[in-house]
Amino acid sequence: MSDAGDSRPEADRRLRVLVFAASLGKDSMNAALAHLAARHAARHGAVVDLASMREFDAPSYDSELEARGDIPAGALELNRRLTANDAFVIASPEYNGSMPGLLKNAIDWASRCRPQPFHERHGLLMSASPSMGGGNRGLWALRIPLEHLGARIFPDMFSLAVAHKAFSGETIADPRLQQRFEQNLGAFLDLAEAAKNYPCIKKAWVEFLGEPPDMPADRMETA
Ligand SMILES: Cc1cc2nc3c(=O)[nH]c(=O)nc-3n(C[C@H](O)[C@H](O)[C@H](O)COP(=O)(O)O)c2cc1C
């Protein structure tokens, strides 16, 4: 997309997207899906920052560490990489019908940074699993903390079932499924790119849950 009235260099207008899999496994199916997403996003015109979950790994959240200002390096790195990008794609395994603990822990730590890095960032969730459900339940669980933090999570999510048999080389063997994957990712990238370059919707929203508006309850920077 281009806008004759916008003098920003083309590079500034390109969507920057962080892509990572929430798995530490060397042969991770979700890492394979994240790589596929990264390649397709680059073909789609985005500037891709492909990360490894190892970069964001952190010890369990500990309020004593936080009180001392000892935010783990992995949490600071996740905050830095989210902030440097306009959008994010997470390929997450499903563990016991939910998200992996290491991902929730990384989200919890990063949520303590200010400005809170998930707020108003666009996100796409995907999963791969050997099961028939493709890890989709885990993504519904993952939506909750991310939406709670004000991330704009794309309504359509992609879950790859029987993932240990689904790949052919670096793509999805079934061409219709590969096409569905590309459509889902492309629709997300187009929406995030439009939100970056053509902001036209009311961005601020207020959720009143009866909490006093102060630091322990706030999830974002307040003026
Ligand atoms: C603790 C644990 C719980 C799991 N629970 C589920 C589950 O609820 N649903 C599912 O589809 N797969 C489950 N699995 C299997 C994972 O989907 C499988 O290990 C997958 O390969 C993990 O993704 P990765 O290859 O990207 O690391 C579980 C695996 C572990 C280790």
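Author: Begin with contacts: two residues are in contact when they have heavy atoms within 4.5 Å. Among contacts in this chain between residues at least 6 apart in sequence, 79% join residues at least 24 apart. The model is predicted, so local features need pLDDT of at least 70 and side-chain atom pairs pLDDT 80 or more, while totals for chains, interfaces and linings use all residues. Residues are numbered from 1 along each chain as its sequence is written, and side-chain values use heavy atoms, without hydrogens and water.

Reader: How many helices and strands does the chain have?

Author: Helices (H or I, at least four residues) and strands (E, at least two) are DSSP runs, numbered from the N terminus. Here there are seven helices and eight strands.

Reader: What share of the residues is buried?

Author: Buried means under 20% relative accessible area, exposed over 50%, and partly exposed in between (1.4 Å probe, protein chains only). Of the 223 residues in the chain, 44% are buried. Take helix α5, residues 101–110: L103, N105, A106, I107, W109 and A110 are buried there. They pack against β1, α3, α4, β3 and α6.

Reader: How do I describe two packed helices?

Author: Give the angle between their axes and the distance between the axes. Axes are lines fitted to C-alpha atoms, for helices over the stretch in contact, and angles run from 0 to 180 degrees between N-to-C directions. Helix α2 (29–43) and helix α7 (175–197) have axes that come within 10 Å and cross at roughly 60°. The two are therefore oblique (under 35 degrees is roughly parallel, over 145 roughly antiparallel, 65 to 115 roughly perpendicular, the rest oblique).

Reader: Which residues make that contact?

Author: From α2 come L33, L36, A37, H40, A41 and R43; from α7 come Q178, F181, E182, L185 and L189.

Reader: How many aromatic pairs are there?

Author: Rings of Phe, Tyr and Trp (its six-membered ring) pair if their centres lie within 6.5 Å; planes under 30 degrees apart are stacked, over 60 edge-to-face, the rest tilted. The structure holds five pairs. One of them, F20 with F56, is edge-to-face, at 5.1 Å centre to centre and 80° between the planes. F20 lies in strand β1 and F56 in the loop between β2 and α3, 36 residues apart. Both are buried.
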